[in-house]
Amino acid sequence: MSAGYTTARLDDVRTISFDSDAEPDWKPLRHELGIGAFGVNAWVAKAAGGQAIERHDEKVVEGGTTGHEELYVVLRGAARFTVAGEEFDAEAGTLVFVSDPELTREAIATADDTVVLAIGAARGVAFEPSDWETRWLRKRGVA
């Protein structure tokens with residue numbers, strides 16, 4: 001790390017696997033790079049048919065999510081996204097912006113080794129890391 005900036009290669013960032021093979025691997029970019037202004041993670045689906053982005057919404061609920069807008073960037077591979085019940089294919093280079101936190105979204109890899117970058121924060125609100133992030137980092141002995 002240098003004064004005021006950090007660089008990293010995505011493939012060199014620590015990868016955390018969850019308890020289920022159905023879930024994508026997680027690259028905790030926000031934590032690894034020390035980002036505090038917004039949430040950012042990369043999700044890796046090892047095989048076609050695997051989950052790239054879990055089915056979820058970002059509704060404001062006490063003790064839960066905070067109404068994030070989210071931008072997904074397919075960095076590698078391809079995925080079939082479903083947002084608010086509408087399905088569409090997204091190949092590498094595709095941007096998917098979900099401005100409405102209440103919309104349910106998910107993505108299933110349609111190619112092996114699919115990587116989706118997820119960037120999010122609530123509009124007009126100071127960023128706070130999600131509880132799940134801290135919980136999973138601690139569970140894996142990272143935080």
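How many residues lie between β5 and β6 in their hairpin, and which residue in the turn has a positive phi? I found two residues between the strands, and A84 in the turn has a positive phi of about 55°.

Notes on the source. The model is predicted, with local features needing pLDDT of at least 70 and side-chain atom pairs counting only at pLDDT 80 or more, while totals for chains, interfaces and linings use all residues. Residues are numbered from 1 along each chain as its sequence is written, and side-chain values use heavy atoms, with hydrogens and water left out.

Strand β5. I looked up β5 at residues 78–83; strands here are DSSP runs of E, at least two residues long, numbered from the N terminus. Five of its six residues are buried, so β5 is largely enclosed by the rest of the structure. Buried means under 20% relative accessible area, exposed over 50%, and partly exposed in between (1.4 Å probe, protein chains only).

Partners of β5. Two strands pair if DSSP finds at least two bridges between them. I noted six bridges to β6 (residues 86–91), in the antiparallel sense, with R80 opposite D89. β8 (residues 105–109) is joined to β5 by five bridges, also antiparallel, and T82 stands opposite E106 there.

Salt bridges. I counted 11 in the structure, each a side-chain nitrogen of Lys or Arg within 4 Å of a carboxyl oxygen of Asp or Glu. One of them joins R76 and D113 at 3.1 Å, N to O. R76 lies in β4 and D113 in the loop between β8 and β9, so the pair ties together parts 37 residues apart in sequence. D11 is linked with R76 and D113 in a network of salt bridges.

Notes:
Helix = DSSP H or I, 4+ residues; strand = E, 2+ residues; numbered from the N terminus.
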